[in-house]
Structures are given as C-alpha cells and as structure tokens.
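Dear colleague,

Please find below the structure that I am handing over to you. My findings follow it, arranged by topic.

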2 protein chains.
Amino acid sequence: MIMRKRIKELRRNFAIEPGRDFELSQKLLVERLNLEVDVVRRAAAKTVLKINESMVMNGVHQVLRFVEDNGLRSVIIGNVMFWPSSYTRLILERFKLAEYFDRQYYSDEVGAYKPMKEIFLKPLSEFGVSPCEAVHVGDSFFEDFRGALDAGLHAVLISRRSRSETLGERGFVIEDIRGLITLLETEF
Amino acid sequence: MIMRKRIKELRRNFAIEPGRDFELSQKLLVERLNLEVDVVRRAAAKTVLKINESMVMNGVHQVLRFVEDNGLRSVIIGNVMFWPSSYTRLILERFKLAEYFDRQYYSDEVGAYKPMKEIFLKPLSEFGVSPCEAVHVGDSFFEDFRGALDAGLHAVLISRRSRSETLGERGFVIEDIRGLITLLETEF
C-alpha cells in the first residue's frame with residue numbers, strides 16, 4: 001500500500017517516464033521488500049490465479065450491458081501497477097468483461113499513463129470522437145477524474161465516501177457504478 | 001505456424017533486436033492476419049485461460065523432482081512468442097512447475113533471446129556457475145541445442161524423431177524428457 005501510494009503520487013505529478021509506470025512500480029516494490037524481481041513476478045502470477053469473481057464490482061455487468069444496448073462505444077483506459085496489463089486482460093476475459101469493450105488501452109502498452117492527456121486522447125482519435133462527446137468513469141480522483149476533465153472529457157468519479165453530486169459542467173460523482181445508468185439517461 | 005517459423009528463422013540469424021522478439025512476433029501476426037493488436041492480445045489471454053494440464057509433458061514432474069532431490073540448481077531460459085512471459089509464468093504457477101526452479105529468464109525480460117550467448121550466460125554468472133558445469137535442456141535445434149553448445153554449456157536436445165545419441169563432447173539427444181534422468185546419472 002505504501003508503494004501504491006508512492007506510484008500514484010508520482011503519476012499525479014507526471015514524474016514517471018511515460019510507459020514505465022509498471023516497471024517502476026515493480027522495481028520500487030522489489031527494493032522495498034528486498035526481494036528478487038523473480039519473486040515479485042511469481043507473486044503477481046499467483047495472485048492472478050487466486051482472484052475470484054468476488055473482485056468484480058456488483059452491478060458491473062448490468063451497467064456494461066446498458067452501455068452496449070444503447071449503442072455506445074466503450075473502451076478501457078487503464079494504469080498498471082505491480083503486474084503487467086496482460087494479467088488485467090486475462091482477468092477481464094475470465095470474468096467475461098472484455099467482450100463489452102471495443103478496445104483496451106493500458107499504460108504499459110500505450111506509453112502514457114493517466115492523468116496524462118495522451119492516454120485519454122489516443123482512443124478518442126482512433127474512434128474519431130471528440131473529447132466533449134466522451135465520458136470517462138473511474139475511481140481515482142487525480143488519475144481518472146481530474147485527468148479526464150483536463151483532457152476535455154466528461155468525467156464520472158465513483159466514490160463510496162462522497163454523496164452523488166456534480167462538479168462544474170463536466171464532472172459527476174456517483175457512489176456506486178450502478179449510478180452511471182441514471183447519469184447516462186439524464187445528463188448526456 | 002508460418003509466423004512461428006519466420007520468427008525462429010529470424011532468431012536463428014540474430015536478425016531481431018535483443019528483447020524485441022515478443023513484440024515483433026505479435027506485430028507480424030497482426031499484419032499477417034490483418035487484425036488489430038487488441039484482438040491478438042485478447043486471443044492470447046483466452047488461449048492461456050483454456051490451457052489445461054494435458055499440455056504438460058509426461059514425466060516432467062518426475063524429472064524435475066529428480067533434479068531437485070540431487071541438489072542441482074535449475075533455471076528456466078525461455079524465448080517468448082505471441083504472448084509475453086507473464087503468461088508463461090502464470091502457466092508454470094498453475095501447474096505447480098514454477099516451484100522447481102530457482103529463477104526464470106525470458107527473452108522479453110532479459111533483453112536477449114536464444115540462441116544469443118547472453119541469455120545463457122546471464123543466469124550462469126548470477127549463480128556463479130561456469131558454462132561447462134551447466135546442462136541446457138530444450139527441444140529446439142538452433143535456439144536451444146546449438147545456442148547452448150555455442151555458449152559453452154552442455155546441451156540436451158529432446159527430439160522424438162531422433163534416436164538417443166551423443167553429438168560431440170557436450171551434446172546429447174534424447175527422445176523423451178525422462179531420458180534426462182539416465183543422462184544425469186551416467187554422463188555428468
């Protein structure tokens with residue numbers, strides 16, 4: 001958790017070389033725990049094998065089906081830490097979540113991390129969508145919410161500790177992912 | 001299979017930039033199949049999820065236990081193609097094979113691929129072992145067998161099409177991985 005906080009701080013300050021956030025997180029963890037990198041890589045693999053469906057947020061399938069049924073295009077824009085995006089992809093396939101998305105973009109593959117504008121704008125340019133036509137949904141204040149707003153997108157922050165509210169013209173806070181359905185029906 | 005053959009040819013001729021064999025194989029596959037890279041990455045994840053124990057060679061556990069019981073150190077030196085080493089690591093954890101090895105070295109992590117000398121010599125230098133004290137076991141003639149011999153190691157080629165024989169002073173051919181036990185007992 002200490003290293004996680006540190007990496008998030010570094011990303012927030014754009015203090016990591018683009019595309020190197022995964023490697024740096026692994027390196028800092030190795031140094032902090034005084035282990036060989038091989039041990040940390042094995043631990044990542046073991047962790048991925050142990051993950052079960054309980055990690056999937058309640059309501060996610062329902063929300064993603066709603067998005068799909070309404071003909072909206074959706075992509076994943078993800079930062080990686082401690083394990084590479086290949087494991088994130090595997091988890092999404094395993095729980096049948098990958099098929100809801102048109103494409104997936106991860107910091108280790110794209111060479112940019114949130115809150116950098118580039119990682120928000122790359123999918124938009126690939127799909128020919130302008131920032132103001134797009135909504136980003138995430139649970140990290142600086143990486144997701146501020147990052148998306150700064151790149152010109154609408155942004156939804158999932159925060160269990162906040163009450164639902166709006167922030168400025170393009171920012172929305174919801175307490176639960178299921179709140180996105182109402183938001184999409186009423187605000188966009 | 002066509003792309004696999006191509007990548008193996010390129011590696012054999014040292015025609016790939018060190019550490020880029022995984023990326024190049026993915027790129028060539030994407031171009032050949034005229035797909036998006038995202039589709040190929042999803043296919044890799046799905047494939048890894050589908051793999052079952054039938055892919056593990058008969059006798060592997062027996063041989064690895066023999067190696068362990070005799071106090072020999074063992075490492076994996078692996079080339080990657082189409083999927084990153086993180087998936088190979090996951091498969092080895094899943095089938096309880098990773099625990100037999102002291103460390104794992106893959107071309108995308110090490111920045112060198114077989115038959116390059118560097119990838120054979122790196123683990124040896126890390127463990128303080130000289131090439132002539134080491135035995136490499138693999139099933140690829142150029143990448144594994146010739147590569148290991150050229151780096152100064154002993155080399156064992158697993159080849160179902162050949163009869164067991166010796167080649168020079170440091171080369172051995174076996175038809176089945178279980179032949180390694182006899183070889184270790186009699187030749188080294």
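How much area do chain B and chain A bury between them, and what percentage of it is on carbon and sulfur atoms? In this predicted model, the two chains bury about 2000 Å² between them, and 53% of that area is on carbon and sulfur atoms. On the side of chain B, the residues that lose the most area to chain A are R42(B), L90(B) and E93(B); together they account for 28% of what that side buries. The contact draws 21 residues from chain B and 21 residues from chain A.

One of the bridges joins the side chains of R89(A) and D38(B), at 3.0 Å from N to O. In another salt bridge, K46(A) meets E93(B) at 3.6 Å, N to O. K46(A) belongs to helix 3 (residues 37-50) of chain A and E93(B) to helix 5 of chain B, so this pair joins two chains. With both residues at pLDDT 80 or more, 13 residue pairs are in polar contact across the interface.

Three elements of chain B give two or more residues to the side that touches chain A: helix 3 (37-50), helix 5 (85-94) and strand 2 (103-106). Helix 3 of chain B gives the most, with seven residues. By class, that side of chain B comprises twelve charged, seven nonpolar and two polar residues.

I turn next to a sheet in chain B. It is an open sheet of four strands in the order 3-4-6-5, with mixed pairing. Strand 3 (135-138) and strand 5 (165-167) of chain B each have a single partner strand and stand at the edges, so one side of each is left without a neighbour in the sheet. On average, neighbouring strands of this sheet are turned by 20 degrees against each other, direction ignored. Strand 5 and strand 6 (residues 171-174) of chain B run antiparallel and are joined by three bridges; L167(B) has G171(B), in strand 6, as its bridge partner. Helix 9 (residues 179-186) of chain B packs on the sheet, where it touches strand 3, strand 4 (154-158) and strand 6 of chain B. The direction of helix 9 makes about 145 degrees with that of strand 6 of chain B.

Within helix 2 (residues 21-33) of chain B lies L29(B). Apart from neighbours within four places in sequence, L29(B) is in contact with M3(B), V40(B) and F82(B). Between L29(B) and E143(B) there are 114 residues of separation in sequence and 21 Å in space, C-alpha to C-alpha.

Most residues other than glycine have a negative phi, and most peptide bonds are trans. The peptide bond from K114(A) to P115(A) is cis, with omega near 10 degrees, and that from K114(B) to P115(B) is cis, with omega near 15 degrees. P115(A) is in the loop between helix 6 (107-110) and helix 7 (117-127) of chain A; P115(B) is in the loop between helix 6 (107-110) and helix 7 (117-127) of chain B. F82(A), a residue other than glycine, has a positive phi near 70 degrees and lies in the loop between strand 1 (75-78) and helix 5 (85-94) of chain A.

Yours sincerely

Definitions and conventions: Residues numbered from 1 in each chain as written. Chains lettered and ligands numbered in written order. Heavy atoms only, no water. Contact = heavy atoms within 4.5 Å. Buried area = accessible area lost by both parts, 1.4 Å probe. Salt bridge = Lys/Arg side-chain N within 4 Å of Asp/Glu carboxyl O. Polar contact = N/O pair within 3.5 Å; in protein donor to acceptor, adjacent residues only side chain to side chain. Nonpolar A, V, L, I, M, F, W, Y, C, P; charged D, E, K, R; others polar. Pairing = 2+ DSSP bridges. Axes fitted to C-alpha atoms, helices over the stretch in contact; angles between N-to-C directions.
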